[in-house]
Amino acid sequence: MRINHNLSAMNAHRLLTLNSDRTSKVLEKLSSGKRINRASDDAAGMAISEKMHSQIKGLRMASRNSLDGVSLIQTAEGALNEVHSILQRMRELTVQAGTGTLSDDDRKTIQDEINQLTSEINRIGNTTEYNKQSLLKGDVSNRDTVQFYDSKLEGGVVKNINAEQSFQWDTGKPASDGDKLELELNGQKIEVLFQAHDANSKNALDAYDVDILSVPNKIKVNMDDPASEAGSAKALKNALDAVVSNNPKLKDNYTINFDGTDKTTITATGEYTGDKGEIKAATYTPAPLATGALSSGSGDSAIGKIENVKASKEFDFNSLEGADETATNKNIQDLIGKGMTINGKSIEFYNSISGEYNGSVIGVNLRDALEHDNNDEKVSVLISSIIKQAGPELEGVTLSEPIGAGKTVANVAKKANSIPVAEAKYEFDLDGTNKLTISAGSENGEKANKLKVKIESNTTDDLDVAFDGTDTITIKLAKDDASKNTKALIDTALQGLVFTGAADADIKSIDPTKLTSLYTGSEIKGSDATNAPITDLLSGGVAESLGIYDYQITEVFSVGDKIAIDGNTYTAVEKDAKASLGQFNVGTSIEEQLDSLVLAVNASNVRFTASKQGTDTLKLEEKPGQATGKDLANLTLKNTKIIVNANIGGLEGNDIAIEDGFDKDHNTRLQIGANEGQGFTIAIGDMRALELGITGKSGEEGYSKAANINDGSSEELTEVALDVTKQENIDFCLNKIDKAIEIISNSRATLGAYQNRLDHTIANIDNAAENLTAALSRIEDADMALEMSEFTKLNILQQAGTAMMAQANQRPQSILQLLQ
């Protein structure tokens, strides 16, 4: 038995303390309801639960964001609903104004209401907001490219190409007595009978017995005597004139012409213009191929046609061309974020190297143009990008380059790669590490390959350089004083030589001033050369080979065409070309253009001499000292222009508008997820009157002459409304209002689609948040029944431990029994 160390009490104390700690943790879980109250409870579980907290809170906020988005959409859609109603009322009024039973005063009253309704559309567009954000005004921050200007396509016309039929007699084979020609003009059959003029009382070439009541219309006509081709043709003209002028169904609708020799031509006119005035195939008796009276093929049917010439507009991007690649790149980069609007479709420039395009209009990538390595072709590449990327997305128009743009001038002959002149030289290894190089200079080329250089040590401390008059230069280096053997001193001595009396003419022609030396060490000691004298030939010199290039001009250039030659640009102008400015005259033939182009090339001081070979070939010869070792590429006609063409011909294409800059949609980005990149963009276009097309500019066809529309919030009149005071404008006005209704309908449909999507988004987010909360509960929340069972057990153990602790503390008192 021991009293200093009561091991039983110590053991009871340890277990009591352990149970007490466990009881405290269970009490903490029971009090908080959480299984994890600190990281030590469950480190991994705590990390997972915190992520889930972030997700759940983020999802709940995303759900609120989506609800806010629905509210924004409802605000915009509600405003557009009213605009829809206004447009329907405007259409109703326009239809009313179109009836002829109304007076001018009635139409003016209708116009007043249309003016007020249009101003109200502007007011709605300008003032509809959500949390101080304008919803129906779009984004007008980018309105300038400097390449396009506000305009409309032009040149759209309707051309009537009338039916035309010709009858021509072969040489020596005029009409004969009794020949008959039958033809049909717009359903009217005509029969012309040729008669010999001496067989009746009529004069030669007279037309008579005109019977327009018969079917077919019959007429007789005399021939001349003797019969001739001219007489036959003139007689036919007289006969046709008679029957046409006397037939009310044909009069003023066909003209008959005689060419003075052997041909008569019928042309439909008047009411029968275009595709109405058909002239059916004629028959000649006896058959033409049998008698040869009429030339074969003259009896083909002729049908006129209506040709709708398409409107177009040309835009020149030549202002983007800089003096060098850096300048051109800057000009092209300045386009980023800008653009234009063509027939209501907007185009925006971007560079994909900064990221993919995420705008709401048509994106055109400038990267190809910026990375193109030929400055002369950068603008051409840009135009090609616009045509390829934007062209298929546009409506009602086609983009194209001018005819011939980018074509290659045929290269019919070319000398092999030119070779720049190379210098002859030789390196003398003095001591295994240091080298003395003697160079003859590039101007001497291969001539210096025969020149010998001898390195020795002088007997004195003087540098000595001499030429022996045949083929050797001897360099005697100072024996001990290396400071006298410097590169500068050797060069001076070499360049002071006079090459006279040389046996070899090539060596004699070497220019001593081109001789140079180069020493790679710090100094040259003559003793090094004394130990190992060196004599050797210079080598590696190459004579200059100059390139010669022939280019055949295959077609006549047009005004504005640009031809690029070795980095220089030459532009075709109509007349008075200035060669010093790189201009050449278009002229009337390839030869004339070539003469002018030769002058322009030679005036630009490039590395070529230009000349004309024959009538169609440009010859370029490199000048001495200008060889580069690179082939001159095929010459290319540069293009800086783009043409916007209407798809439909006729007058309608003239109404297609092109605007500099573009209006972006109003974009509102909603964060509809808990994490990065989980956004959703709502785009709403400009819904004001001008963008809807129901107002225009003063003087435009179909619109009022004076401003009569305000922005809805001030009295200032800034726009002009559709003009319904004139009955002839009604179709135009109805078309514009119908298009505006279509725009509003499409926008409302899009907003409705947005809202339906967000309804599903909210449902999904709420469901995800609920499921994540359940998962979090399983990880984080305490099982109260389990924890209560644990607490009961630990409570009993703690009571038992306390009792045993008391018993253990009493045991040492038994020692006192030993002292009695």
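**Close-up 1. E395 and the residues it touches.** E395 touches N343 and K345, leaving aside residues up to four places away in sequence; contact here means heavy atoms within 4.5 Å. This is a predicted model, in which local features need pLDDT of at least 70 and side-chain atom pairs count only at pLDDT 80 or more, while totals for chains, interfaces and linings use all residues. Residues are numbered from 1 along each chain as its sequence is written, and side-chain values use heavy atoms, with hydrogens and water left out. You will find E395 in the loop between α8 (378–390) and β18 (397–400); helices (H or I, at least four residues) and strands (E, at least two) are DSSP runs, numbered from the N terminus. With a relative accessible area of 47%, E395 is partly exposed (buried is under 20%, exposed over 50%, partly exposed in between, with a 1.4 Å probe and protein chains only).

**Close-up 2. S517 in its strand.** Strand β25 (residues 516–519) is the place of S517. Is this residue, S517, buried or exposed? S517 is buried, with a relative accessible area of 3%. Not counting residues up to four places away in sequence, S517 touches L436, T437, I438, K487, I490, D491 and L494.

**Close-up 3. Helices α2 and α14.** Helix α2 (residues 43–97) packs with helix α14 (residues 730–780) at an angle of about 165°, their axes 7 Å apart. Axes are lines fitted to C-alpha atoms, for helices over the stretch in contact, and angles run from 0 to 180 degrees between N-to-C directions. That makes α2 roughly antiparallel to α14 (angles over 145 degrees).

How values were computed:
Parallel < 35°, antiparallel > 145°, perpendicular 65-115°, else oblique.
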